[in-house]
Amino acid sequence: MSFKNYLGLHLTIQKFILLPKYQLPEGKSRIPIFGLRILFLFGISLCAIYDLSLIHLVGPTYIDVGDVATIVGFMEILFSRTNIFCLVVYAIFDNHFHIELLKMTIHFEKKLNNLTTKRTILKNDLKKYNDIILIFTWSVLCNIAFLLYRLSMCLSTATITWYLRVMIQDFLHNSTIFYIIDFFDLITKYSSVLERNLCNPANWHNIDIFNITYKLFQLIKKLEKTFNIIIFYYLMYHIFSTTFNFYFIMRRHIINVQMTVFRIFIIIFALIWFIRSIYFSFYLCFRCHKIHEKMEKLLQTLLHADFEIKSPKIRSAIQQIYMNRLHDKRKITVLGFYSIDLSAFTQFASSFVTFVLIIIQFKQLEDAQLNFTEYSNTRNKCLLLDYNNF
């Protein structure tokens, strides 16, 4: 089991996204490499600012004509571009917390490898990156489909460069989410290794294995402090993204329109984009839920060992773990307000339904007001015509 091998590709990418100070070399090349990473963050921030300045041009035509559609288009662009600012702010201000988590993980794994006899078998490289390749392919194909759709209405280089920036920003977004998910998987594997070794009564007399179990709880707490805000932001972002895509499909391509082959093509890719947001939300919640399950299973194994062991020193170490859990539950939470698990995904689904219903109600009011205005104008014209004839 190797931390660097497991997170090898993502760790390399995150040096330029979330970790500008990670493994800087000594000597003259230290400052230029750090400057290059900061320059990268500065560059994507400028692109996001530029795209935000174009909202007044893109937003009103994003779905259809109308106040509700304009607001939804504005919010979608705003969320996707502030996603970049979220990454940059996180990289600059939480860089030291992140590096502390990496150092703590490396130190924990060295101790774990010295104590345990069973190793976690790493996933096959191709299998490990199947979901990553699939999501990245989805993102690229969807953006190309939407680009073709926009070009069919208005051919311009500005539209092409807009979607090229969108693809880069989606790459950063997807890389960060998969990096966090892989980190969760790694911690889950650590829990599995400890749980399997603690199931062997021969290891119960080794106090070091109980001490490293305590360290694992600390590692999870550090993981929560490092990623909880960005996970919360991504969940909120994908709630709105699913809402926007659903509204986009219904208003632009299904309601009161004639179905064509090209329109069906756009609907398929919009549905893929819709599924992508649901997938990310579910998978983030699911991986956090797996950590909670593994830790509870590990605690049950510790409880069984506590009943069998007679050594006061080892029983004291087990009680310390339980007392620490009693005062500070080891779960991935959003600033301690609620846990990120499968129950959070049900809240995600209910929020999506609520947002869709609110948007539909506002759209119905807008349509009713528009129809009333048209009726009033027509009636006034008829009255004026009758008056002139009279």
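A salt bridge is a side-chain nitrogen of Lys or Arg within 4 Å of a carboxyl oxygen of Asp or Glu. The model described here is predicted. A search of the whole structure finds six such salt bridges, whereas the number of disulfides is zero. The points below are grouped by topic.

**Salt bridges**

- Glu-224 and Lys-221 form a salt bridge through their side chains, with an N to O distance of 2.9 Å.
- Both Glu-224 and Lys-221 belong to helix α10, where they stand three residues apart, about one turn of the helix.
- An α-helix has 3.6 residues a turn, so residues three or four places apart point the same way.
- Glu-224 counts as buried because its relative accessibility is 4%, and buried means under 20%.
- Lys-221 also falls under that 20% limit, so at 19% relative accessibility it counts as buried.
- Another salt bridge joins the side chains of Asp-170 and Arg-276, at 4.0 Å from N to O.
- This pair links distant parts of the chain, with Asp-170 in helix α9 (residues 157-198) and Arg-276 in helix α11 (residues 261-308), 106 residues apart.
- Asp-170 is buried, with a relative accessible area of 7%, and Arg-276 is buried at 0%.
- The side chains of Glu-26 and Arg-30 also meet in a salt bridge, where the N to O distance is 3.6 Å.
- Glu-26 is exposed, with a relative accessible area of 67%, while Arg-30 counts as partly exposed at 33%.

- Helix α10 spans residues 207-253 and contains Thr-242.
- The relative accessible area of Thr-242 is 0%, so this residue is buried.
- Leaving aside residues up to four places away in sequence, Thr-242 touches Phe-274, Ser-277, Ile-278, Phe-348 and Phe-352.

**Helix α8**

- Helix α8 covers residues 130-153, which makes 24 residues.
- From its first C-alpha to its last, α8 reaches 35 Å, close to the 34 Å expected at 1.5 Å a residue.

**Cysteines**

- A disulfide is a covalent bond between the sulfur atoms of two cysteines.
- The structure holds zero disulfides.
- Cys-285 accordingly takes part in no disulfide, and the nearest cysteine sulfur, that of Cys-288, is 6.9 Å away.
- Cys-285 is buried, with a relative accessible area of 1%.

**Nonpolar surface patch**

- Phe-16, Leu-36, Leu-39, Phe-42, Leu-46 and Ile-49 make a nonpolar surface patch of about 590 Å².
- Helix α3 (residues 30-53) supplies the largest share of this patch, five residues.
- Phe-16, also part of the patch, lies in helix α2 (residues 8-17).
- Phe-16 counts as partly exposed because its relative accessibility is 35%.

Terms used. Residues numbered from 1 in each chain as written. Predicted model: local features only at pLDDT ≥ 70, side-chain atom pairs only at ≥ 80, totals over all residues. Heavy atoms only, no water. Disulfide = S-S within 2.5 Å. Buried < 20%, exposed > 50% of the residue type's maximum accessible area, 1.4 Å probe, protein only. Helix = DSSP H or I, 4+ residues; strand = E, 2+ residues; numbered from the N terminus. Expected span 1.5 Å × (residues − 1). Patch = residues over 30% accessible without salt bridge, like charges linked within 9 Å, V, L, I, M, F, W, Y side chains within 5 Å. Areas by Shrake-Rupley, 256 points an atom, 1.4 Å probe, with all protein chains shown as cover. Contact = heavy atoms within 4.5 Å.
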